[in-house]
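User: Hi, can you walk me through how some helices pack in this model? Keep it short, please.

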Amino acid sequence: MTILYDVAVLGAGAAGLMAAATAQQDGASVIVLDHAPEAGRKILISGGGRCNFTHLDTRPENYLSQNRHFARSALARYTPRDFLALVEKHRIAWHEKAAGQLFCDESARQIVAMLLAEAVGCTLRLNTRIHDVTRGEDFRIETDGGVLAARSVVLATGGLSIPKLGASDLSLRLAKRFGLRIAPTAPALVPLVLDSPLPELAGVSLNIAARMGKTSFQDGMVFTHRGLSGPAILQISSYCAEGESPLLDLMPGVDALTALREVKRERPRAEPAALLAALPQRLARAVAAECLADAPKDLANMPDRRLAMLAERVGRWRPVLAGTEGYAKAEVMRGGIDTRDLSSQTMEARNVPGLFAIGEAVDVTGWLGGYNFQWAWASGHVAGKAL
Ligand code: FDA
């Protein structure tokens, strides 16, 4: 005999567990299915093992989506303070790292334990492959552990990043099959690969401003063996379409040409390398080798034209990219289930009653800093309330 549940949640990750707990606490019978051997694996590895579980100053502007207003309703109905209240109810010690970014003092494992405790009345089936979902009077879910039925199905299997942790396109495939559109997907919050890597600079880090169009982030950048990473790069990567490079200012907060002219005026007898004293040494050496090899011996003889070229190189560097490190290293996927086909109040598909989609599977992608989890909690909560 096929068991009939009120709700089947596909994916025991951040959004799925939140939706399951919320629906079950409101009286629904809920089953959660996941192919992984443990729940919330991405939570466990997040924030360097301490889970940056929210950002206190979360706004719709901190998200990318084809519809920038879509996230507004869910984010307003389940706020960072609501999640923090849950964290405190479970006596999980936390701290604010950078402004607004909240982390566990001890371990991300506490967040998973908290969600499982909240969802304790749900049936949790791990190590379960989902073969197919079809719809008759109810939804029929075929798994390698048998067939079950549910009045509602929640697509919560997340995005495509980190396949070795079990990421899959199940939610995207099922959504497509039920007639929902998919906004183009790509790795986001992802390190960039240089066309001509600079392995000799690996490990060099500095504060930069990274810009794409009107969006810019001032934060750290680190050279890797293959390219560029660090928070400023990860953030701007979400805004780069394929083939596009961000504009990088290696001397943020100052006008590079004015700064170089000042060095020339104040130290006319100095060697040209003095112009780059504000940069980390190894980087300064590399830029000097590239731009100042045939420069005059002292700054007094350095023509303004050369200064302008150097200012362009440090203040407006447009690196030539081979691409990104891809889903293997991306923190999230951008794009996903098209928000035009979902209710922003409930996350239910407009044309498929009983089908819901939440979390990273949906075309709502947060900045670095706790925003992606806040979207998972908020979208999971509003769906759970509507189930
Ligand atoms: P999530 O990925 O959490 O869960 C999906 C679940 O579905 C998983 O349990 C998976 O096993 C399951 N599943 C997938 N395919 C399936 C299939 N075919 N059958 C059955 N089950 C399937 N965000 C943030 O705000 N702060 C942070 O500190 C970090 N840090 C971070 C570090 C790293 C290394 C990564 C990769 C990501 C982050 N993130 C983050 C992003 C954050 O982890 C992510 O946005 C949320 O986990 C998304 O929640 P979801 O529930 O949508 O998917």
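Analyst: The axes of helix 1 (residues 14–25) and helix 5 (residues 109–118) come within 8 Å and cross at roughly 30 degrees. This is a predicted model: local features need pLDDT of at least 70, side-chain atom pairs count only at pLDDT 80 or more, and totals for chains, interfaces and linings use all residues. Residues are numbered from 1 along each chain as its sequence is written, and side-chain values use heavy atoms, leaving out hydrogens and water.

User: What counts as a helix and an axis here?

Analyst: Helices are DSSP runs (H or I, at least four residues), numbered from the N terminus. Axes are lines fitted to C-alpha atoms over the stretch in contact, with angles from 0 to 180 degrees between N-to-C directions.

User: Are helix 1 and helix 5 roughly parallel or oblique to each other?

Analyst: Roughly parallel, therefore, is the word for helix 1 and helix 5. Angles under 35 degrees count as roughly parallel, over 145 as roughly antiparallel, 65 to 115 as roughly perpendicular and the rest as oblique.

User: Which residues of helix 1 and helix 5 meet?

Analyst: Leu 17, Ala 21, Gln 24 and Gln 25 in helix 1 meet Leu 115, Leu 116 and Glu 118 in helix 5. Contact means heavy atoms within 4.5 Å. These residues divide into 4 nonpolar, 2 polar and 1 charged. Ala, Val, Leu, Ile, Met, Phe, Trp, Tyr, Cys and Pro count as nonpolar, Asp, Glu, Lys and Arg as charged, and the others, Gly among them, as polar.

User: How do helix 1 and helix 11 cross?

Analyst: Helix 11 covers residues 371–386, and its axis and that of helix 1 come within 7 Å, crossing at roughly 30 degrees. That makes helix 1 roughly parallel to helix 11. Among the residues in this contact are Ala 15 of helix 1 and Phe 373 of helix 11.

User: New topic. Which residues are closest to the ligand?

Analyst: Ala 15, Asp 34, Ser 168, Glu 360 and Phe 373 are the closest, and 30 residues surround the ligand. A residue is near if one of its heavy atoms lies within 4 Å.

User: How far is a ligand oxygen from the backbone of Ala 14?

Analyst: An oxygen atom of the ligand is 3.1 Å from a polar backbone atom of Ala 14. For Gly 47, the figure is 3.2 Å, again from a ligand oxygen atom to a polar backbone atom.

Notes: Helices (H or I, at least four residues) and strands (E, at least two) are DSSP runs, numbered from the N terminus. A polar contact is a pair of N or O atoms within 3.5 Å; within protein, one must be able to donate a hydrogen and the other to accept it, and residues adjacent in sequence count only if both atoms are side-chain atoms.
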